[in-house]
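Reader: Before I set anything up, could you walk me through the side-chain packing and the charged pairs in this one?

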Amino acid sequence: MAGDNTQHRGNSQGPVTRVRAEVERVLVEAERRVLSADRRVRFWSVIDIALGFPAAVLAGISGAAGLASPDARVPAALLALVSAGFSAGAGFLRSDVRRAANRRSRQAWAEVEAGARLLLAQETHLDREAIQEALRNLFDSRTRAMATHTDDAPSGASS
């Protein structure tokens, strides 16, 4: 598909071939960005669980140990400090917010991918005006998808 974008000058297929090449370029970009956003969603899900679950478990254990006997108060305090560290790390990284933002990004890029695939499937049945309108819509959805990607780093850092 991507290798079929040769142009023949003077041939009526030239404009269609250029359109096809551009739509295929957008399709490849969208596929790549969907996979990238999907990897980021999985990464931030793991981080959220890796920090949140131990914090909850350690908090419970430290509370139980602190109430069990006076001799267990020092280990309970240490466990509470470790739990607080995990909680602070989870709060600082905001992995839940980043995961949600990357889900939105993945969904937006999947919309671009679907639009490109649909345009490729319909291009031979559309007239010039319909192709132009479909391209405008495709690029509008690409612009929206790019905007969601810039919003997925809440603190200005890359996610």
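Reader: Is Trp44 buried or exposed?

Author: Trp44 counts as buried, at 8% relative accessibility, where buried means under 20% relative accessible area, exposed means over 50% and partly exposed lies in between, with a 1.4 Å probe and protein chains only. Bear in mind that this is a predicted model, in which local features need pLDDT of at least 70 and side-chain atom pairs count only at pLDDT 80 or more, while totals for chains, interfaces and linings use all residues. Residues are numbered from 1 along each chain as its sequence is written, and side-chain values use heavy atoms, with hydrogens and water left out.

Reader: How many aromatic pairs does the count come to?

Author: The count comes to one aromatic pair, under a rule that pairs rings of Phe, Tyr and Trp (for Trp, its six-membered ring) if their centres lie within 6.5 Å, and that calls planes under 30 degrees apart stacked, over 60 edge-to-face and the rest tilted. The rings are those of Phe43 and Trp44, and because their centres are 4.9 Å apart with the planes at 75°, the pair is edge-to-face. Phe43 is partly exposed, with a relative accessible area of 46%.

Reader: Switching to the core, which residues have the most contacts inside the largest one?

Author: Those are Val23, Trp109, Val112, Leu135 and Leu138, in a nonpolar core of 16 residues; such a core is a set of buried Ala, Val, Leu, Ile, Met, Phe, Trp, Tyr and Cys residues joined through side-chain atoms within 4.5 Å. Two or more residues of this core come from each of helix 1 (13-68), helix 3 (95-122) and helix 4 (128-150), helices being DSSP runs of H or I with at least four residues, numbered from the N terminus.

Reader: And what is Leu138 in contact with?

Author: If neighbours within four places in sequence are left aside, Leu138 is in contact with Val23, Val26, Val112, Gly115, Ala116 and Leu119, contact meaning heavy atoms within 4.5 Å.

Reader: On to charges: how many salt bridges does the structure hold?

Author: There are twelve salt bridges, each one a side-chain nitrogen of Lys or Arg within 4 Å of a carboxyl oxygen of Asp or Glu. One of them joins Arg106 and Asp38, with the closest N and O atoms 2.5 Å apart. Since Arg106 lies in helix 3 and Asp38 in helix 1, the pair ties together parts that are 68 residues apart in sequence.

Reader: How accessible are Arg106 and Asp38?

Author: Arg106 is partly exposed, with a relative accessible area of 26%, and Asp38 is also partly exposed, with 21%.

Reader: Where do Arg33 and Glu29 lie?

Author: Both lie in helix 1, four residues apart, about one turn of the helix, and the closest N and O atoms of their salt bridge are 3.5 Å apart. Arg33 is partly exposed at 21% relative accessible area, whereas Glu29 counts as buried at 8%.

Reader: What about Arg117 and Glu113?

Author: They form a salt bridge with the closest N and O atoms 3.1 Å apart, and both lie in helix 3, four residues apart. Arg117 counts as partly exposed at 40% relative accessibility, and Glu113 as buried at 16%. Elsewhere, salt bridges that share partners join Arg20, Glu24 and Glu123 into one network.
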